[in-house]
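Subject: Structure handover

Hello,

Here is the structure for you to look over. My notes follow below it.

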Amino acid sequence: MKKYILTGTLAAFLLGSCHHHALHDHEADEHNHNVETAQKQVEDEHEHEHSSDEVVMSPEKAHAAGVVAKVVEPGEFRRVIVTGGHISSAQGHEATVVASVSGIVSFSHPVTEGMSVGAGSSLLSISGEHLQNGDPVKRARIAYETAKNEYERAAKLVGRKIVSQKDFNLIKENYENAKIAYEALAVNKSGKGVAVKSPIAGFVKSCLVKEGDYVTVGQPLISVTQTNRLQLKADVSERHYALLHSIVSANFKTPYSDKAYCLDDLNGRLLSYGRSAGDASYYIPVTFEFDNRGEILPGAYVEVFLLSEPLSGVISIPVSALIEEQGIYSVYIQLDADCYRKQEVKLGATNGNEVEILAGLKGGEKVVTEGAYHVKLASANNAIPGHTHNH
C-alpha cells in the first residue's frame, strides 16, 4: 500500500513540474516574439539607408530655411508657346499732344518723363511774338475782327441788293472761319503765348521738344499715357501658326522682375492674332489687353508664355522646385521627416510659373517646391554615402 502512495505522489510532482516549465517557456516565447516585432517596427519606421545623392536635414533646420514639400499628382496643364513681346498702352489710353500754332517752345515748369498730369493741365507754351510773322493769336484776332466788320456791313446791304447773295455767303463763310480760328487760339492764350494742354489724365511717356525749340503746326510735342489698361503684343514664329487658334491666355515676365504675371489674374483677354506675317518680319502678332495694377512698365520688352486649352493627366511642378547643374535639371524628393533624395527630371513645356515633367517623377511623390537650394547646400555638409541613422 505504501508503494502505491509513493508512486502516485511522485507522478503528481513530475506532472506539476512539467506544466510549470511549459507555461514558463510559452511566456518566454511570447515575450521574445513581442520584442522582435517591436524591434522590426522600429527598424522599419526609423531606419533608412542613404546613398550618396540623399540628404539628411532635420525638420527644424528645414523649417528655418523655408523648405516646403508637396505631393505631386497628375492634373491639368496648358500647352505653352514661349516667345518674346512688348507692353504698350491700350488704344484710347494714350494721346500725343501736337502744336496748334508755329512758334518757340517755352516751359512754365519742368516736364519730365513719368510725371503725372491731369486732363486739361498746361504742359508748355508756344509763342511767335518775336518771329517775322508775329504772334499767331494777335494775327488771328485781327483777321477775325476784320471779317466780322465786313460781315456786319454786308448784312446791311444784302437786303437792298447792293451786295449779291452769293457774295454775302462768301463773306459770311470767311467770318465764321476767322471766328473759329481765333476762338481756338484765344482759349489757350497765356502770358507766354499759346498754352499746350494735356487732353487726358495720365503720365508723360515722352517729351519730344526742349526749351527754345521752334515747332510748326501739327508737330508732336509730348506723349501722354494712361497705364491703367495695357496691351501685350507677342511675336510668334510662323511654325506655331497651327496652334494659334487654341491660344486663350498668356503669362509674361518683365526684365526688372522675376515674377510671372498671369493675364487671368489681371482681367486680361485675347484681342486678336494675325492671319499673316508682317512685310518685314517672319513673326505673327498675338495681342492681349489687361489691367495694370501699378507694377508694369509700358514700353518694356517681355518674355511671353502663350497658353492653350488645358491638358489633363500632366505632372507639373513649380519652377522654384528645379535645381539646374550644367544644363541638367533635378528636384529633391522628401522620403521621410528628415531625408531627401535628389532626382533628375526631364522637362517639357513651361508657363512661367510651372513646368511640365516628362520623366523622373510619378504621382504621389513628395517634392520640395520651395527652398530646394537650401537642401542642396545641406547636401554638401551632411550627405554621407552608406550612412544609417537611427531615431
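Ala-250 touches Leu-232, Tyr-261, Cys-262, Leu-263, Phe-288, Val-304, Phe-305, Leu-306 and Leu-307, leaving out residues up to four places away in sequence. Bear in mind that this is a predicted model. Ala-250 sits in strand E15, which spans residues 249-253. Is Ala-250 buried or exposed? Its relative accessibility is 0%, so Ala-250 counts as buried. Between Ala-250 and Val-80 there are 8.7 Å in space, C-alpha to C-alpha. In sequence, Ala-250 and Val-80 are 170 residues apart.

Next, the aromatic rings. How many aromatic pairs does a search of the whole structure find? The search finds five. Phe-252 and Tyr-261 form a stacked pair. Their ring centres are 5.3 Å apart, with 20° between the planes. Phe-252 and Tyr-261 are both buried. Elsewhere, ring pairs join Tyr-144, Tyr-151, Phe-168 and Tyr-175 in a cluster.

Last, Thr-369. Strand E26, residues 366-370, holds Thr-369. Why does Thr-369 count as buried? Because its relative accessible area is 5%, and the cut-off for buried is under 20%. Which residues does Thr-369 contact, setting aside neighbours within four places in sequence? They are Val-68, Ala-69, Lys-70, Pro-318, Ser-320 and Ala-321.

Best wishes

Technical notes: Residues numbered from 1 in each chain as written. Predicted model: local features only at pLDDT ≥ 70, side-chain atom pairs only at ≥ 80, totals over all residues. Heavy atoms only, no water. Phe/Tyr/Trp six-rings, centres within 6.5 Å; stacked < 30°, edge-to-face > 60°. Buried < 20%, exposed > 50% of the residue type's maximum accessible area, 1.4 Å probe, protein only. Helix = DSSP H or I, 4+ residues; strand = E, 2+ residues; numbered from the N terminus. Contact = heavy atoms within 4.5 Å.
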